[in-house]
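Welcome! Please take a look at the sequence and the structure below, and then read on for a short tour.

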Amino acid sequence: MIPFSDEELMNPVRASIEKIRPSLALDGGDINFITVKNGNVYVQLKGACIGCASSSSTLKYGVERQLKMDIHPELTVINVPIGMENDIDNL
């Protein structure tokens, strides 16, 4: 169980994602942080990351790995498809 509330995780997650952003930009991609709910970090891959065959690896071994190292090993990252930002409860 993650010993932090979703609210407490917001700023650390933002900071960790900012570390990742330059790496994604090297390949023409980007990432937007959306929110944290129940220990799940919701993000949206953008730019060249959309539809890229490696996007699931980027999420798991790039974004999620960094968040687990920086914040807590039980965090999970979920990519929110474009247009679904307001429907996170149904993902």
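Cys52 is partly exposed because its relative accessible area is 35%, where buried means under 20%, exposed over 50% and partly exposed in between (1.4 Å probe, protein chains only). Cys49, with a relative accessible area of 11%, is buried.

A disulfide is a pair of cysteine sulfur atoms within 2.5 Å, and by this rule the count is zero. For Cys49, the nearest cysteine sulfur is that of Cys52, 6.5 Å away.

## About the model

This model is predicted: local features need pLDDT of at least 70, side-chain atom pairs count only at pLDDT 80 or more, and totals for chains, interfaces and linings use all residues. Residues are numbered from 1 along each chain as its sequence is written, and side-chain values use heavy atoms, leaving out hydrogens and water.

Now for H1 (residues 6-26) and H2 (residues 55-70), two helices; helices (H or I, at least four residues) and strands (E, at least two) are DSSP runs, numbered from the N terminus. Val13, Ser16, Lys19, Ile20 and Leu24 in H1 meet Thr58, Gly62, Val63, Gln66, Leu67 and Asp70 in H2, contact meaning heavy atoms within 4.5 Å.

## A loop residue

Between H1 and strand E1 (29-37) runs a loop that holds Asp27. Is Asp27 buried or exposed? Asp27 counts as exposed because its relative accessibility is 66%. From Asp27 to Ile17 the separation is 10 residues in sequence and 16 Å in space, C-alpha to C-alpha.

Conventions. Axes are lines fitted to C-alpha atoms, for helices over the stretch in contact, and angles run from 0 to 180 degrees between N-to-C directions.
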